Amino acid sequence: DKQCKWEGSCIERPCAKYLDESSCNTDASCTWDVDSSPAFCSETYCARWTVASDCDGDAACTWKSQDNVCVESRCDNFNGQQCACLEEAGCFWSAASSECVTSTFGACPPTDVAVVFDGSGSMSQAFGRHPHGYEA
């Protein structure tokens, strides 16, 4: 059972309490896993680290001190934190938007043309393992 882990007995995993994608994604230690059918809420890779030094020792993870949790190293984890953003490899501080962005695209000028398609009709239909469509 993917919702339990065996430690002498079956122990419910911390993210198993979330039954839908919206509530799952509110917890920084959880992620909605669509690689299985049906989809379920599971722990993120970095949730295994509960101590800042262990978390920061893993190149894929970053310790988020304001929440006391280990999260995946992503630039948007540092929005509003210019110094922390600049210290993170692969991140760039965009003064124009006051956001931490991936350095690959951070220096690109903002888009001046946007193309928008109305997908509201199809987005409410079932898509394979997504019985309620996608959340927008």
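This is a predicted model: local features need pLDDT of at least 70, side-chain atom pairs count only at pLDDT 80 or more; totals for chains, interfaces and linings use all residues.
The structure holds six disulfides, and another of them is formed by Cys-55 and Cys-70, whose sulfur atoms are 2.0 Å apart. The torsion about the S-S bond of Cys-55 and Cys-70 is about 85 degrees, and therefore this disulfide is right-handed. Cys-55 belongs to helix α2 (residues 52-56) and Cys-70 to strand β6, so the pair ties together parts that are 15 residues apart in sequence. Cys-55 and Cys-70 are both buried.

Cys-75 and Cys-91 are likewise joined by a disulfide, with an S to S distance of 2.1 Å, but here the torsion about the S-S bond is about -95 degrees, so the disulfide is left-handed. Distant parts of the chain are linked by this pair, with Cys-75 in the loop between β6 and α3 (82-87) and Cys-91 in strand β7 (residues 91-94), 16 residues apart. Cys-75 and Cys-91 are both buried.

When the bonded cysteines of the protein chain are numbered in sequence order, the pairing reads 1-3, 2-4, 5-7, 6-8, 9-11, 10-12. Cys-83 takes part in no disulfide, and the nearest cysteine sulfur, which belongs to Cys-85, is 9.7 Å away. Cys-83 counts as exposed, with a relative accessibility of 59%.

## Nonpolar cores

The largest nonpolar core has seven residues in all, namely Cys-15, Tyr-18, Cys-24, Cys-30, Trp-32, Ala-39 and Cys-41. Leaving aside residues up to four places away in sequence, Tyr-18 touches Ser-23, Cys-24, Asp-27, Cys-30, Trp-32 and Cys-41. A second, separate core consists of six residues, including Cys-75, Phe-78, Cys-91 and Trp-93.

Thr-62 lies in strand β5 (residues 61-64) and is buried, with a relative accessible area of 8%. If residues up to four places away in sequence are not counted, Thr-62 touches Cys-55, Asp-56, Val-69, Cys-70, Val-71, Ser-73, Phe-78 and Glu-88. This list contains Cys-55 and Cys-70, the two cysteines whose sulfur atoms form a disulfide, and it also contains Phe-78, a member of the second core.

Phe-92, for its part, is placed in strand β7 and counts as partly exposed, at 33% relative accessibility.

About 210 Å³ of space lies in the second largest pocket, and the residues that line it are Ala-28, Cys-30, Thr-31, Thr-44, Lys-64, Asp-67, Val-71, Glu-72, Arg-74 and Asn-77. Strands β3 (30-33) and β6 (69-72) each contribute at least two residues to this lining. By residue class, the lining divides into three nonpolar, three polar and four charged residues. Cys-30, one of the lining residues, also belongs to the largest nonpolar core, and Val-71, another lining residue, is among the contacts of Thr-62.

## The chain as a whole

The protein chain contains five helices and eight strands, which follow one another along the sequence in the pattern β-β-α-β-β-α-β-β-α-β-β-α-α. Of the 136 residues in the protein chain, 27% are buried. Among the contacts in the chain with a separation of 6 or more, residues 24 or more positions apart account for 18%.

Conventions: Residues are numbered from 1 along each chain as its sequence is written. Side-chain values use heavy atoms; hydrogens and water are left out. On a 1 Å grid over the protein atoms alone, a cavity is a set of points where a 1.4 Å probe fits but cannot get out, and a pocket is an open set with protein on both sides within 12 Å along at least five of seven lines; lining residues have an atom within 4 Å of a point. Grid points are joined across faces, edges and corners, and a volume is the space filled by probe spheres set on the points. Helices (H or I, at least four residues) and strands (E, at least two) are DSSP runs, numbered from the N terminus. Ala, Val, Leu, Ile, Met, Phe, Trp, Tyr, Cys and Pro count as nonpolar, Asp, Glu, Lys and Arg as charged, and the others, Gly among them, as polar. A disulfide is a pair of cysteine sulfur atoms within 2.5 Å. Buried means under 20% relative accessible area, exposed over 50%, partly exposed in between (1.4 Å probe, protein chains only). Contact means heavy atoms within 4.5 Å. A nonpolar core is a set of buried Ala, Val, Leu, Ile, Met, Phe, Trp, Tyr and Cys residues joined through side-chain atoms within 4.5 Å.
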